[in-house]
Amino acid sequence: MAVKTIEELFIHELSDIYSAEKQLTKALPRLARAADAAELRSAFELHLEETQGQIERIDQVVEVLGIKLKRIKCAAMEGLVEEGKEVIDSIDAGPLRDAALIGGAQKVEHYEIAAYGTLCALAKQLGYKEALTLLKETLQEEKATDEKLTMLAEGGGNQRAAREAA
């Protein structure tokens, strides 16, 4: 990663999150199938639709700025997706697996919140007003998804997992 300017850093970070979102579109259907609770399955399916919209928004940023993304693979998302596979492979279907899936999904959301927060700060510094608006929209969606996951966990998911283990 030979980044020498803030513009290059912005392009690198945007390329990284683009890769992350693409990886996530492949992982979310697997997570939805692995979820036991209907509301969790539905949350994963809804987030897949949102993620596809977020990819389109990145495409808009690229078009507005007239930039070209780098072909890179987001190693962080690769690791988070791998953790999700391990959960599915190592925990039997049911409330405990759902609790673990929620935790893994929140790790993903926190990574994305950090990435989009960074991109917003860089876009602001660079005066990329239209890009900033698009990136802020995605940042808000990521925060809302994290809140929904918290509500699923605290709204009974974790209690069902605890009862199952008892």
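Among contacts between residues at least 6 apart in sequence, what share joins residues at least 24 apart? I looked this up for the chain and found 80%. I keep in mind that this is a predicted model.

**Elements**

I went through the elements next. The chain has five helices and zero strands. From the N terminus on, I read the order as α-α-α-α-α. I then checked the radius of gyration. For the chain it is 17 Å, close to the 15 Å that the globule rule gives for 166 residues, so the chain is as compact as a globular protein of that length. I also noted the span of the C-alpha trace, which is about 55 × 25 × 20 Å along its principal axes.

**Core**

I asked how many residues the largest nonpolar core has. It has 47 residues. Among those with the most contacts inside this core are Phe10, Leu14, Leu40 and Phe44. Leu101 and Leu135 belong to that list as well. Helices H1 (6-34), H2 (38-65), H3 (75-90), H4 (95-126) and H5 (129-165) each supply at least two residues of the core. H4 gives the most, with twelve residues.

Leaving aside residues up to four places away in sequence, Leu14 touches Ile58, Val61, Val62, Ile67, Leu69, Leu119 and Leu135.

**Burial and surface**

I looked up burial for the chain: 46% of its 166 residues count as buried. The chain exposes about 8900 Å². Carbon and sulfur atoms supply 53% of that area.

**Charges**

Last, I looked up the charges. The chain has 21 positive and 30 negative side chains. The centres of the two sets lie 3 Å apart.

Terms used. Residues are numbered from 1 along each chain as its sequence is written. This is a predicted model: local features need pLDDT of at least 70, side-chain atom pairs count only at pLDDT 80 or more; totals for chains, interfaces and linings use all residues. Side-chain values use heavy atoms; hydrogens and water are left out. Helices (H or I, at least four residues) and strands (E, at least two) are DSSP runs, numbered from the N terminus. The radius of gyration is taken over C-alpha atoms; the globule rule is 2.2 Å times the number of residues to the power 0.38. Buried means under 20% relative accessible area, exposed over 50%, partly exposed in between (1.4 Å probe, protein chains only). Contact means heavy atoms within 4.5 Å. Accessible areas come from the Shrake-Rupley method with a 1.4 Å probe; for residues, only the protein chains shown count as cover. Lys and Arg count as positive and Asp and Glu as negative; His and the chain ends are not counted. The place of a charge is taken as NZ of Lys, CZ of Arg, CG of Asp or CD of Glu. A nonpolar core is a set of buried Ala, Val, Leu, Ile, Met, Phe, Trp, Tyr and Cys residues joined through side-chain atoms within 4.5 Å.
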